[in-house]
Amino acid sequence: MEEGKILSNAVEESGAAYAVIHEKFGEAISAFDDNATMPFFEVQDTALWTDIALFMRDHPKLKFNYMACLSGVDYLEEGKLGIVVNLESLGVFSHRIAVKVKCPRDGGSIPSVAGVWHTANWHEREAYDMLGMPFDGHPDMRRILCPDDWEGWPLRKDYRVQESYHGIKVPY
Amino acid sequence: MAGQGSLRLSRKSDDVVVLEKDLSTEQMVLSMGPQHPSTHGVLRLECLTDGEIITEAEPYLGYLHRCFEKHCEHVDYPAIVPYTDRMDYLAGINSEMAYCVAVEKLLDVEIPRRVEFIRVIVSELNRIASHLVAIGTYAIDLGAFTPFLFCFRDREHILNMLEWATGARMLYNYIWVGGLAYDVPAGFNERVLEFVNYFRPKALELQQLLTENEIFVKRTKGVGIMPADVAINYGWSGPMLRGSGVQWDLRRNDPYSIYPELDFAVPVPDGKLSVVGDCLSRHLVRALEIEESLKIIEQCIDKMPGTEGFNPRAAVPKRVRPKAGEVYGRAENPRGELGFYIQSDGKSTSPLRCKARSSCFVNLSAMKDLSRGQLIPDLVAIIGSLDIVLGEVDR
């Protein structure tokens, strides 16, 4: 039971942080999902994501100075691609929260936060490499793990691998 | 910087500065890697150099990309464990630990206490082995050959013990979701204690060989300084972040397993031997952590419950099918925070999405800024201090 108690405290802290963000951005962000494993909220107005990120990093009550992880996700049923960002206040407060940002599967894009957290630079390149949504305002939007001339976006659910790459048979 | 009538300063030694006049210079592209021994694997750095000075170094990755995340979507949860071994192949057990910690957050299982103790002992042993490789190869990068041999001699003892317990030397598949593959063999604890007693003086000897070695100190002190706030902004973790003076250790700050019950210090450089945030600080943190790991192992052996009625697979589910939801679970690896973002739909036995947040990948992303304006030999010192494993960078 001890562990459950610690978890609920963590969720409470994330909730308090969420309230500060909600006060400023109101309808631009969704309601707070207070699940025990990864409390999160979703950015509804995607264009505001960079502003929200900057606010979260710099507000004296939030100080989310550490981006632990940024994962690209394919939401096939919703017809969307998205990112899940795990943020944390390292050394200042102990709260953490996750943020989701989504964009349409075809031709959508997400604002970049590489200027807010340096670490987002490579994470966003990886998400682009694997799922194919560009990040607006990214300083260096290239593929990172796959070769530059690779076709398709490997982590999309409907990905089919190309037949050959420079004369080498790919599927085996 | 092609210049006519340009002046060029270079430093020959501490007190001799050479001034060259009318020396036209131009930028040159120098490709380092992917088969360069000091890049610790298949990393390629495209350096733009002006004489001996690096003006820009751009890392190129992906030579070892094995589609870990795509594989995860096609195999079930327990079958992902061997893949995590192959990410950071120098610390396989720590990678398994991070993955199992993440999955167990989604599952409602109670892990037997003895399992937790064994997990911590083997992962701390693996941490020491990994740090020994880091220190040994770092020394060899900077021209010191002897410490490398010492490190590998002692790492061999650890690998032999792990082989005895798990059946494999590097790719273990020992920590399972909910438990362990096997209990440790009879007499394992005694042999570990024997090793700890043997290794303590050796670790000190290693410290003296390197940190009291003037050549080593000259090559690393004040080189590649990373300020604490920039390190946090870059998402650095583990010995890299602690090298910049931030006392942050997930075993302390986001505790998992039985670490809250154990007494150990989180060493950070005090600025007496090194400049806080430089290559030497990062090396010192690793060297000091070895001692802390030894302490943890001793305490675990002391407190470990006995084998009565113990089944290492008691809590291992027949089918791992976590409830619907998402989790970001992480653990302190020898190289920093290894995190797994896992998305489960509650029906399938394989994850919808499993992303590995690799510590090396994130630490390496600062390479461009760290190398700007450095000398080429110092670039080697910086890469070595990052202690990257390309298997984890590229996944």
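This is a predicted model: local features need pLDDT of at least 70, side-chain atom pairs count only at pLDDT 80 or more; totals for chains, interfaces and linings use all residues.
Local features need pLDDT of at least 70 and side-chain atom pairs pLDDT 80 or more, while totals for chains, interfaces and linings use all residues. Residues are numbered from 1 along each chain as its sequence is written, and chains are lettered from A in the order in which they are written.

**Exercise 1.** Describe the contact between chains A and B from the side of chain A.

Solution. Start with the counts: chain A gives 25 residues and chain B gives 29 residues, two residues being in contact if their C-beta atoms, placed from the backbone, lie within 7 Å. Next, find the elements of chain A that give two or more residues: β2 (66-75), β3 (80-88) and α3 (120-131). Helices (H or I, at least four residues) and strands (E, at least two) are DSSP runs, numbered from the N terminus. The largest share, six residues, is from β2(A).

**Exercise 2.** Decide whether A:His166 is buried or exposed.

Solution. Locate A:His166 in the loop between β7 (164-165) and β8 (168-169) of chain A. Then apply the cut-offs: 20 or more other C-beta atoms within 10 Å is buried, 12 or fewer exposed, in between partly exposed, with C-beta atoms placed from the backbone. A:His166 is exposed because it has 7 other C-beta atoms within 10 Å.

**Exercise 3.** State how chain B is divided and how its domains touch.

Solution. Take the bounds, domain 1 (7-60) and domain 2 (68-394), which come from an automatic or database domain assignment. The domain centres, over C-alpha atoms, are separated by 33 Å. In the contact, 15 residues of domain 1 of chain B meet 18 residues of domain 2 of chain B. On the domain 1 side, strand β5 (residues 53-60) of chain B gives the largest share, seven residues.
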